[in-house]
Amino acid sequence: QVQVVESGGDLVQPGESLRLSCAASITFFNQYTMAWYRQAPGKQRELVATIDSGGITYYVNSAKGRATISRDNAKNTVYLQMNDLKPEDTANYYCRIYNTPYWGEGTLVTVSS
């Protein structure tokens, strides 16, 4: 059974940084594109970033310059480093094995002073 588990969400102040982690229990993890999404209160879930099997990354415009997605295939883990966090980054952050039905349950990031 495939499991996707996020961690690292927290309450932080504006301007601080946070690193989210996502562990996926799937065979041949290194062959899958992985993705981070987020869903703010009252809004639709949106894509934040992806990283493919070759390490090529993609970011939506709102994440460029402040977010970095990376992966450690030896640990079946993908990360999302977020810097200079703003209140509008407050959301549940979800990890997904891209283009599959396998999602995590999310980790909450709250940015507030």
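1. The Thr107 side chain comes within 2.9 Å of a backbone atom, the nitrogen of Gly9. Keep in mind that this is a predicted model. Thr107 sits in strand E10.

2. Is Thr107 buried or exposed? Thr107 is buried, because its relative accessibility is 9% and the cut-off for buried is under 20%. Setting aside neighbours within four places in sequence, the contacts of Thr107 include Glu6, Ser7, Gly8 and Gly9. Leu20, Ala91, Asn92 and Tyr93 are also in contact with Thr107.

3. Strands E9 and E10 run antiparallel and are joined by three bridges.

4. E9 and E10 belong to an open sheet of six strands, ordered E2-E10-E9-E4-E5-E6. Its pairing is mixed. Strand E2 (11-12) and strand E6 (57-59) are the edge strands, and each pairs on one side only.

5. Strand E1 covers residues 4-7. Which residues make up its covered face? They are Val4 and Glu6. Val5 and Ser7 form the uncovered face. In a regular strand, side chains alternate between the two faces of the sheet.

6. E1 pairs with strand E3 (residues 18-24). The sense is antiparallel, over four bridges. Val5 has Ala23 as its bridge partner in E3.

7. How many aromatic pairs does the structure hold? It holds one. Tyr37 and Trp103 form this pair, which is tilted, with 4.7 Å from centre to centre and 50° between the planes. The pair links distant parts of the chain, as its residues are 66 apart. Tyr37 is in strand E4 (residues 34-39), while Trp103 is in the loop between strand E9 (91-97) and strand E10 (107-111).

8. Tyr37 is buried, because its relative accessible area is 10% and buried means under 20%. Trp103 counts as partly exposed, because its relative accessibility is 30% and that class lies between buried, under 20%, and exposed, over 50%.

9. Two arginines lie over ring faces. Arg45 is placed over the face of Trp103, 4.7 Å from the ring centre. Trp103 is also a member of the aromatic pair with Tyr37. Arg19 lies over the face of Tyr79, with 4.1 Å to the ring centre.

Key
Residues are numbered from 1 along each chain as its sequence is written. This is a predicted model: local features need pLDDT of at least 70, side-chain atom pairs count only at pLDDT 80 or more; totals for chains, interfaces and linings use all residues. Side-chain values use heavy atoms; hydrogens and water are left out. Buried means under 20% relative accessible area, exposed over 50%, partly exposed in between (1.4 Å probe, protein chains only). Helices (H or I, at least four residues) and strands (E, at least two) are DSSP runs, numbered from the N terminus. Two strands pair if DSSP finds at least two bridges between them. Rings of Phe, Tyr and Trp (its six-membered ring) pair if their centres lie within 6.5 Å; planes under 30 degrees apart count as stacked, over 60 as edge-to-face and the rest as tilted. A charge sits over a ring if NZ of Lys or CZ of Arg is within 6 Å of the ring centre and within 35 degrees of the ring normal. A polar contact is a pair of N or O atoms within 3.5 Å; within protein, one must be able to donate a hydrogen and the other to accept it, and residues adjacent in sequence count only if both atoms are side-chain atoms. Contact means heavy atoms within 4.5 Å.
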